[in-house]
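Where does a protein leave empty space? Rolling a probe the size of a water molecule over the atoms shows where such space is left.

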Amino acid sequence: MLPAGELVILDGIGFSILPGETVAIVGASGSGKSTLLSLLAGLDTPSSGRVLLDGEALSGLDEDGRARLRGEKVGFVFQNFQLLPSLTAIENVMLPLELRGDRDADAPARGILRRVGLGERLDHYPRQISGGEQQRVALARAFVTRPGLLLADEPTGNLDTRTGAAIIELLFELNAQAGTTLVLVTHDEALAARCGRTLRLDAGRLVDDRATR
């Protein structure tokens, strides 16, 4: 609650996303895109309404329960990569597998890093590789758990145009191969047009929901 009254970030938004869809969330800065993505991930909880992930209400779970569900079903790609600086590339990719208790995290991590073209960078720390390579590590980390849902928040926002384009090609290639549901926050209309559907936010409201192609 603010001195001037309640701050409403998202208001009256309702939609469903089917398995395998690729959905872009677009809108001006401050329209609520990243907040909506945080709600979909269970990182934030709504003050009213509910978010269902694979039929399970996130608001009905405690923080540990939401973390467990994310570990089982959700992958993330962020604008600023969110790699742990004290871990090597392969250790960053192994981490979500280890957190959910997989016995063998090394082999899947090595395999996905090779697929994203970083087979020679396994033991490099984030500070030792370029921004594009860091985002490739982040993509590998997101897909290594074989998530049903991938959430991407401005995944090329910190990259130059050429590197960003290469990352997007890789993202869609990995997504198509895995059959993952993709929800992508972007300000790039051309990138949004590559998704099958676009949700447009304006001042916290859903003002458009249409098939892109």
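A pocket here is an open set of grid points where a 1.4 Å probe fits, with protein on both sides within 12 Å along at least five of seven lines. A residue lines the pocket if it has an atom within 4 Å of a point. The model is predicted.

**The largest pocket**

The largest pocket holds about 1,100 Å³ of space. Its lining is made of 35 residues. Nearest its centre lie F15, L40, R50, V51 and L52. Which elements each supply at least two residues of this lining? They are helix 1 (33–41), strand 2 (52–53) and strand 6 (181–185). Helix 1 gives the most, with 4 residues.

**The second largest pocket**

The second largest pocket has a volume of about 500 Å³. Here 20 residues form the lining, and V74, F76, P96, L99 and R141 lie nearest the centre. At least two lining residues each come from helix 2 (63–73), strand 4 (74–78), helix 3 (89–99) and helix 5 (131–143). Which helix supplies the largest share of this lining? Helix 2 does, with 5 residues.

**What the linings are made of**

Technical notes. Residues are numbered from 1 along each chain as its sequence is written. This is a predicted model: local features need pLDDT of at least 70, side-chain atom pairs count only at pLDDT 80 or more; totals for chains, interfaces and linings use all residues. Side-chain values use heavy atoms; hydrogens and water are left out. On a 1 Å grid over the protein atoms alone, a cavity is a set of points where a 1.4 Å probe fits but cannot get out, and a pocket is an open set with protein on both sides within 12 Å along at least five of seven lines; lining residues have an atom within 4 Å of a point. Grid points are joined across faces, edges and corners, and a volume is the space filled by probe spheres set on the points.
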